[in-house]
Amino acid sequence: MFASRLSPSGLTAAAPTILEFPAEATRPVRSLRHMTTQLLQEAAQTIPNQQLLINVVSKRVRQLGLGHRPMVETTPRMSLTDIALKEIIAGKLTYESLQETADGAAA
């Protein structure tokens, strides 16, 4: 009795509906991985040292994950990594190098 209320008899007897989709995309589809690679190449021009770039991005991703606000305009589909890379490209995010003193401690 309860099941009959959930599925009306008129819908169960109907033929299955076939959804048709266009065979070709109407606009080019950019993959998210391609976007991240392009952003990474652009950010590498600002911070050429790859290890340093990775450290800056990972620290910023951690901050964004904790709720810090992005300093650039974002879209809903952007990952935290993409946001951090865009911040570097826009010059909103940079790093400061710590110089070591003669006794080996960071200044």
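A: Glu-87 is buried in this predicted model, because its relative accessible area is 0% and a residue counts as buried under 20%. Its place is in helix α5.

The surroundings of Glu-87 draw on several parts of the chain. Not counting residues up to four places away in sequence, Glu-87 touches Arg-60, Leu-64, Pro-70, Met-71, Val-72, Lys-92 and Leu-93. With Arg-60 there is a polar contact of 2.6 Å between the two side chains. This pair also qualifies as a salt bridge, with 2.6 Å from N to O. The two partners belong to distant parts of the chain: Arg-60 is in helix α4 and Glu-87 in helix α5, 27 residues apart. Side chains of opposite charge can pair when their charged atoms come close. A search of the whole structure finds one salt bridge.

Arg-60 is found in helix α4 and counts as buried, because its relative accessibility is 6%. Leaving aside its neighbours within four places in sequence, Arg-60 is in contact with His-68, Arg-69, Pro-70, Met-71, Ala-84, Glu-87 and Leu-93.

Helix α4 itself covers residues 50-65, which makes 16 residues. From its first C-alpha to its last it reaches 22 Å, close to the 22 Å expected at 1.5 Å a residue. Within α4, the residues Leu-53, Val-56, Val-57, Arg-60 and Leu-64 are buried. They lie on the same side of the helix, because they cover an arc of only 95° around its axis. On the other side of α4, Gln-51, Ile-54, Lys-59, Arg-62 and Gly-65 are exposed. At the start of the helix, a side-chain oxygen of Asn-49 comes to within 3.1 Å of the backbone nitrogen of Gln-51. After α4 comes Gly-67, with a positive phi near 115°.

Met-71 counts as partly exposed, because its relative accessibility is 38%. Not counting residues up to four places away in sequence, Met-71 touches Arg-60, Glu-87, Lys-92 and Leu-93. Both partners of the salt bridge, Arg-60 and Glu-87, are therefore among the residues that Met-71 touches, given that contact means heavy atoms within 4.5 Å. Met-71 and Gly-91 are 20 residues apart in sequence, and their C-alpha atoms are 10.0 Å apart in space.

Leu-93 also belongs to this neighbourhood. Leaving aside its neighbours within four places in sequence, Leu-93 is in contact with Val-56, Arg-60, Met-71, Ala-84, Glu-87 and Ile-88. Leu-93 is, moreover, a member of the largest nonpolar core, which has 10 residues: Leu-39, Ala-43, Ile-47, Leu-53, Val-56, Val-57, Ala-84, Leu-85, Ile-88 and Leu-93. At least two residues of this core are supplied by each of α3 (32-46), α4 and α5 (80-89).

Helix α3 also holds Thr-46. Thr-46 counts as partly exposed, because its relative accessibility is 41%. Leaving aside its neighbours within four places in sequence, Thr-46 is in contact with Ile-88 and Ile-89. Thr-46 and Thr-94 are 48 residues apart in sequence, and 8.7 Å separate them in space, C-alpha to C-alpha.

The chain has five helices and zero strands, and its elements run α-α-α-α-α from the N terminus on. Of its 107 residues, 16% count as buried, and Glu-87 and Arg-60 are both buried. Among contacts in the chain with a separation of 6 or more, residues 24 or more positions apart account for 42%. The pairing of Arg-60 with Glu-87, 27 residues apart, joins helix α4 to helix α5.

Terms used. Residues are numbered from 1 along each chain as its sequence is written. This is a predicted model: local features need pLDDT of at least 70, side-chain atom pairs count only at pLDDT 80 or more; totals for chains, interfaces and linings use all residues. Side-chain values use heavy atoms; hydrogens and water are left out. Helices (H or I, at least four residues) and strands (E, at least two) are DSSP runs, numbered from the N terminus. The expected span of a helix is 1.5 Å times one less than its number of residues. Buried means under 20% relative accessible area, exposed over 50%, partly exposed in between (1.4 Å probe, protein chains only). The arc is that of the directions from the helix axis to the C-beta atoms. A polar contact is a pair of N or O atoms within 3.5 Å; within protein, one must be able to donate a hydrogen and the other to accept it, and residues adjacent in sequence count only if both atoms are side-chain atoms. A nonpolar core is a set of buried Ala, Val, Leu, Ile, Met, Phe, Trp, Tyr and Cys residues joined through side-chain atoms within 4.5 Å. A salt bridge is a side-chain nitrogen of Lys or Arg within 4 Å of a carboxyl oxygen of Asp or Glu.
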